[in-house]
Amino acid sequence: MTATDPPAFSEPSRGKGTKRGRAKLEKTPPDASSVDPSDERSRSLDENAYQGLAGFRHALRRFLAFSEVAASAAGVTSQQYQAMLAIRVHPDQAIMIKELARQMLLQPNGAVQLVDRLVGAGLAERRQSSTDRRSVLVVMTDKGAALLERLAADHLQEMSKHEPLLAESLRRLRSMERSGDTS
């Protein structure tokens, strides 16, 4: 697990229970019946914590809803858009399928299917690695890069609309973290 992985969840499992390569999360958050009321963390949250968390989740859900609609209008899924972002920010704008699977929290076979769909749509292509002939890299085509640029610009514009709510929510949460109210 890396510092960017969500701390409450482990890497995707390789077991049954996945659909279309979606990750099966091995560790799930506790349900309400397993929360210990005597646990100090459950009693120390104040109104600012709840306001911060609610505001952040609200802004995040609104952004994700926008993203679904924008991606669909552009003829791709939000998962394909996320994959194109992962390809774009990877060194040399090329990524191995194994790494794409890790970035997308997918099983490797799910990442292969995702790449197949991107290739079929003319948005990406497979290239043999110049440093290791056994490795295949996924790169975006010019068509994919142009689509990503349009979608990314739309997403940045939408993010700026929600910036005040996100900033206020994060400010509340950071102030709690600094004051030690969350432990």
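These notebook entries record what I looked up in the structure above.

**Basis**

I worked from a predicted model, in which local features need pLDDT of at least 70, side-chain atom pairs count only at pLDDT 80 or more, and totals for chains, interfaces and linings use all residues. I number residues from 1 along each chain as its sequence is written, and side-chain values use heavy atoms, with hydrogens and water left out.

**Entry 1: the chain as a whole**

I looked up the secondary structure and found 7 helices and 3 strands in the chain. I take helices (H or I, at least four residues) and strands (E, at least two) as DSSP runs, numbered from the N terminus. Read from the N terminus, the order of elements is α-α-α-β-α-α-β-β-α-α.

I then turned to burial: 27% of the 183 residues count as buried. Buried is under 20% relative accessible area, exposed is over 50%, and partly exposed lies in between (1.4 Å probe, protein chains only). The accessible surface of the chain comes to about 12300 Å², and carbon and sulfur atoms hold 53% of that surface. Accessible areas come from the Shrake-Rupley method with a 1.4 Å probe; for residues, only the protein chains shown count as cover.

For contacts (heavy atoms within 4.5 Å), I considered those between residues at least 6 apart in sequence, and 55% of them join residues at least 24 apart.

**Entry 2: α4 against α5**

Two packed helices are described by the angle between their axes and the distance between the axes. I found that helix α4 (residues 97-104) packs with helix α5 (residues 108-120) at an angle of about 105°, the axes being 8 Å apart. That makes α4 roughly perpendicular to α5, a term for angles of 65 to 115 degrees. The axes are lines fitted to C-alpha atoms, for helices over the stretch in contact, and angles run from 0 to 180 degrees between N-to-C directions.

I listed the residues in this contact: α4 gives Ile97, Leu100, Ala101 and Met104, while α5 gives Pro108, Ala111, Val112, Leu114 and Val115. By class, the contact has 9 nonpolar, no polar and no charged residues. Nonpolar covers Ala, Val, Leu, Ile, Met, Phe, Trp, Tyr, Cys and Pro; charged covers Asp, Glu, Lys and Arg; the others, Gly among them, are polar.

I checked the loop between α3 (78-89) and β1 (94-96), where Asp92 is placed. Asp92 is not a glycine, yet has a positive phi of about 65°. Asp92 counts as exposed, at 76% relative accessibility. Gln93 lies in the loop between α3 and β1 and has a positive phi of about 50°, although not a glycine. Gln93 is partly exposed, at 37%.

**Entry 3: salt bridges**

I counted 7 salt bridges, each being a side-chain nitrogen of Lys or Arg within 4 Å of a carboxyl oxygen of Asp or Glu.

Arg126 pairs with Asp116, with the closest N and O atoms 2.5 Å apart. This pair links distant parts of the chain, Arg126 in strand β2 (residues 124-128) and Asp116 in helix α5, 10 residues apart. Arg126 is partly exposed at 35%, and Asp116 is partly exposed at 38%.

Arg127 forms a salt bridge with Glu125 at 2.7 Å between the closest N and O atoms.

For Glu168 and Arg172, I noted 3.0 Å between the closest N and O atoms. Glu168 and Arg172 both lie in helix α7 (residues 163-179), 4 residues apart, about one turn of the helix. Salt bridges that share partners join Glu168, Arg171 and Arg172 into one network.

Methods:
Angles under 35 degrees count as roughly parallel, over 145 as roughly antiparallel, 65 to 115 as roughly perpendicular and the rest as oblique.
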